[in-house]
Protein chains: 2
Amino acid sequence: MKVLVTPTTDMRNTDKYITMNHGSGGRLSQRLIEELFLKYFSNDTLRQMPDASLFNSPSKNLAISTDSFVVDPIFFPGGDIGKLAVCGTVNDLAVSGAHPMVLSCGFILEEGLELSVLEKIIQSMAVTAALADVQIIAGDTKVVPKGKCDKVFINTTGVGWVEPKNKTISSGIGIKEGDKIIVNGPIAEHGMAIMNEREQLNFKSDCVSDCACLNALIESTLSIDNAVLFMRDATRGGLATVLCELSERINVGMELVEEQIPITDSTKALCDILGFDPLYVANEGKVVMIVASNKVDVVLGKLHEHPLGKKAQIIGSITSKHRGRIYMETSVGGKRIVDVLTGDQLPRIC
Amino acid sequence: MKVLVTPTTDMRNTDKYITMNHGSGGRLSQRLIEELFLKYFSNDTLRQMPDASLFNSPSKNLAISTDSFVVDPIFFPGGDIGKLAVCGTVNDLAVSGAHPMVLSCGFILEEGLELSVLEKIIQSMAVTAALADVQIIAGDTKVVPKGKCDKVFINTTGVGWVEPKNKTISSGIGIKEGDKIIVNGPIAEHGMAIMNEREQLNFKSDCVSDCACLNALIESTLSIDNAVLFMRDATRGGLATVLCELSERINVGMELVEEQIPITDSTKALCDILGFDPLYVANEGKVVMIVASNKVDVVLGKLHEHPLGKKAQIIGSITSKHRGRIYMETSVGGKRIVDVLTGDQLPRIC
């Protein structure tokens, strides 16, 4: 979907375009909230338009996560900036062992943005939040003059509650030799979908972003005691960055098997043509787990039951042979080191 | 303070300027977090750089508030975008009856921003948060290409806990004839300070933003039972907008006395010269309260004890004579209606 920036002369049409006055806190701001935001994010809390929104938590153990989204383009195969903003924060909470409860969203809008474009984004956020069973209960809108931001930026911040047994899931405590590395499906889809769309490369590709909320999938695996020892979603920096950070931080070695890492033919083809290493390309619906070796079958079983985990696979294991280093057995039979990427990565993929 | 945008040729100097790679999630992002953010927002939670940060609340009754800050200029007399971002969200929680606990902050940075400028902002946020006794425990940084945002935008989202008796403080339940309207000090200072700085008007004025965290002041008044029946901070749209919204929503009349509304000579002079009505000009450290008539003296006493409430004053009262309307007795002896502003307001003041 092509988003047009409108000519300055027409910009004062407040029924079609975002104007500076939509951000002033006056009547027009109120109309924007009532006619667009409340139409889709309909809940009692938001309808009162308070300075802060009240909610109840089943627990006093809480988690908070924040993310700003500046993706370019704002619509892409498989999603849009709104869907991404909801999924990104829900997933950051979920991989930290939290049950996501509520989200806030802060919009920065460029003067001249079409209201119909904003409506599509809000609608997409509402649908995604409902599917993930989280409520959007707080919001804020700012408008900046044309040329002072790029169409729309969205911050989402989420709060979840945490069961005590899941509090250490991000730390990787208890990982030992032989434990397995699992990913829930094909990698590198989000980054390549954005790349193909943005650069107008005109490669015929059915590469679609994997953007999805993983909280239900993740919660199903956390119900198995002492099984998942670490998890993280593989966003910016891809699968390799998650594993390198963990390996360095807790000083364990890893062995990956390239042939076992799921990737679709179309993503692989696009990576090959453009010279990207799929291990470092962003995902928005992929979680990497380290699972205790004696619980691997149960966890894989749970993952395979869920639509977002059908293609989950063991991609490697923990070793004590080379602490802090990751080796990968390549498809052609060799071995390569997987290291932290220092050079340029794809900008504005989320 | 003048913030320079650097020439493109020098922009790859990663020690002096924000580059696209600072937002990539790789080594340079990590360095930015470690050398700038962790230097000032130092706490154990943040140091682990998790996807979500865990924290404990003393209560299961919670409040969340979000705000994005796009103020122009980013440094102004009395504050900067960082101080504003902390105060704004702390105050939104406090006026909702919540005790602010934690803040998240999401930065959107323009390629080419000087790192020294970012450092000043982060330092200012850290000092402000410490004074307000809130912890910044979650963060996110995105970088967009030069020209795609305006130096720096900050989202802060805060979570607080709420005592059950304060849950209805935003609703105005229980307000009746004779109750008093109080403001904690001189109005219109933030908006006029921004205006004078941004437009380079060269009016010699000592107009300084009132930007401050009000949570301690507010908590001291909430300790008096059944005294404060409503409160809200008078930010975008000023004092008039807060009162008009309340008057309309709960259908009560109000009578204001212009001479009792605190305003400094320099703010008044600047408003007169530029043609602004101070009632509609933004504040960032002012709370409007409706106080039960029999508790006014106790509340005023508490306010006067605190540095941010020394100049608190009764500015009017609730009446049943003209429901849903606000009249003001003017200094020259006449009467005027105070209505919702529909026209242009100052853009980008927060």
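**A close look at one strand**

Modeller: In chain A, strand β10 (residues 253-257) pairs with β12(A) in the antiparallel sense, over four bridges; strands are DSSP runs of E with at least two residues and helices are runs of H or I with at least four, both numbered from the N terminus, and two strands pair if DSSP finds at least two bridges between them. This is a predicted model, in which local features need pLDDT of at least 70 and side-chain atom pairs count only at pLDDT 80 or more, while totals for chains, interfaces and linings use all residues. Residues are numbered from 1 along each chain as its sequence is written, chains are lettered from A and ligands numbered from 1 in the order in which they are written, and side-chain values use heavy atoms, with hydrogens and water left out.

Within that pairing, M254(A) has I318(A) of β12(A) as its bridge partner. Five of the seven residues of β12(A), which covers residues 313-319, are buried, so the strand is largely enclosed by the rest of the structure; buried means under 20% relative accessible area, exposed over 50%, and partly exposed in between, with a 1.4 Å probe and protein chains only.

The buried residues of α1(A) are L28(A), S29(A), L32(A), L36(A), F37(A) and L38(A), and they pack against α2 (44-47), β5 (98-110), α4 (115-132) and β6 (135-144) of chain A, where contact means heavy atoms within 4.5 Å. One of these residues, F37(A), is linked by ring pairs with F41(A) and F107(A) into a cluster; rings of Phe, Tyr and Trp (its six-membered ring) pair if their centres lie within 6.5 Å, and planes under 30 degrees apart count as stacked, over 60 as edge-to-face and the rest as tilted.

Over all chains, the structure holds five aromatic pairs. In one of them, the ring centres of F153(A) and F153(B) are 6.4 Å apart and the planes are at 50°, so the pair is tilted. This pair crosses between chains, from strand β7 (residues 152-162) of chain A to strand β7 (residues 152-162) of chain B. F153(A), at 1% relative accessibility, counts as buried, and F153(B) is buried with a relative accessible area of 1%.
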